[in-house]
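Subject: Structure for you to look at

Dear colleague,

Here is the structure I promised to pass on, with notes on what was found in it. Please have the sequence and the model open side by side as you read.

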Amino acid sequence: MLATVYLNGEYLPAEQARLHVSDLSILRGYGVFDYFRIVDGHPRFVDDHLHRFRNSADGLHLPLPLDDAGLRGVITELVARNDMDAGGIRCVLTGGYADDGYTPASPNLLVLPYGFTPPAEHYYEEGCAAMLHPYERQLPRVKSIDYIEGIRIQPLLRERGAQYPLYVDRSGNVRESDRSNFFIVAGGTLVTPVDDVLLGVTRKHLLALATKLGIPVEERPVPTDELLAADEAIICSSIKGPMPIGRVDGQPIGGGGAGAVTRRLMAAWRAYTQESPAGA
Ligand SMILES: *Cc1c(COP(=O)(O)O)cnc(C)c1O
């Protein structure tokens, strides 16, 4: 975390920013967040992220104490105070302090700046290794602070030599990764689930780019068998951008590295995000 953070109306040195032990995020895991990158001193796709942050807060019936202009002001101030050029910002809204340990009263708003380290370059050539894992996020449209399953299975991922899980739902469809959306390329068509997944901002812009490139897009469930037989597979997030999946449970997907459609999308993504770093 960088030196100066925002907490409930104040800019504070990070080591002095504290929540009381009665906060519902600590006692009950109740809270939401959003994360976006700072590129050339500007927040990327900030309107999309603030919109989703508000949706997530609504999903947990937590009132956001600032409007979008107010939030944007805080972000600008943090970028200036921390002299940020490249980095990331995490906005967090917690359930707030609860005397009875259960009832939300007044949420706490934190805006936390970070440095940015991109994933290792080789993943964009060879693809990452993914592991199928049965799990459904509780409130799929809400970016809640609950990453219990993703964090809990870290030793399992290490044991299997995988970097990321792919969550498989009760119907046997692959929905998403722990912090990324998920796509396959089958017969030249880009396919991605839309029901019961977090609607990623990267996902949204990547689908628009694919359409611009003339790549057909389908939003529908992706059965596990279809993934294993796919020509290519991709995960994407604000941190990763589009990243090829090389193997799933040790089995290569297509040629096992970045396929032709994935390469086109990665190149288009680079050009798109370099042209307008803040996402216009
Ligand atoms: C944050 C997140 C994503 C990625 O969303 P972006 O807006 O592209 O960063 C996807 N899935 C889950 C579960 C997430 O938490």
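A residue is called buried here when its relative accessible area is under 20%, exposed when the value is over 50%, and partly exposed in between. By that cut-off Asp-169, at 10% relative accessibility, counts as buried. Please keep in mind throughout that this is a predicted model.

Asp-169 is the partner of Arg-175 in a salt bridge whose closest N and O atoms are 3.0 Å apart, and Arg-175, at 12% relative accessibility, is buried as well because that value is under 20%. Both belong to a network of salt bridges that links Glu-136, Asp-169, Arg-170, Arg-175 and Asp-196.

Another salt bridge joins Arg-137 to Glu-176, with 2.9 Å between the closest N and O atoms. This pair brings together distant parts of the chain, since Arg-137 sits in the loop between strand E7 (128–134) and helix H5 (148–152), while Glu-176 is in strand E9, 39 residues apart. Arg-137 is buried at a relative accessible area of 14%, and Glu-176 is buried at 4%.

Asn-173, in the loop between strand E8 (164–168) and strand E9 (174–177), is buried too, with 16% relative accessibility. Leaving aside residues up to four places away in sequence, Asn-173 touches Tyr-167, Val-168, Pro-221, Val-222 and Pro-223.

Turning to the chain as a whole, the domain assignment gives domain 1 (4–114) and domain 2 (123–279), and the centres of the two, taken over C-alpha atoms, are separated by 26 Å. In the contact between them, 22 residues of domain 1 meet 21 residues of domain 2, and the area buried there is about 1,700 Å², with carbon and sulfur atoms giving 66% of it. On the side of domain 1, the residues that lose the most area to domain 2 are Phe-33, Phe-45 and Arg-52, which together make up 37% of what that side buries.

The polar part of this interface comprises six residue pairs in polar contact, both residues being at pLDDT 80 or more. The side of domain 1 that touches domain 2 receives two or more residues from each of strand E3 (31–39), strand E4 (42–43) and helix H2 (46–59), and E3 supplies the largest share, seven residues. By type, the residues of that side are nine nonpolar, seven polar and six charged. One salt bridge is found across the interface.

With best wishes

Terms used:
Residues are numbered from 1 along each chain as its sequence is written. This is a predicted model: local features need pLDDT of at least 70, side-chain atom pairs count only at pLDDT 80 or more; totals for chains, interfaces and linings use all residues. Side-chain values use heavy atoms; hydrogens and water are left out. Helices (H or I, at least four residues) and strands (E, at least two) are DSSP runs, numbered from the N terminus. Buried means under 20% relative accessible area, exposed over 50%, partly exposed in between (1.4 Å probe, protein chains only). Contact means heavy atoms within 4.5 Å. Domain bounds come from an automatic or database domain assignment. Buried area is the accessible area (1.4 Å probe) that two parts lose on being put together, summed over both. A salt bridge is a side-chain nitrogen of Lys or Arg within 4 Å of a carboxyl oxygen of Asp or Glu. A polar contact is a pair of N or O atoms within 3.5 Å; within protein, one must be able to donate a hydrogen and the other to accept it, and residues adjacent in sequence count only if both atoms are side-chain atoms. Ala, Val, Leu, Ile, Met, Phe, Trp, Tyr, Cys and Pro count as nonpolar, Asp, Glu, Lys and Arg as charged, and the others, Gly among them, as polar.
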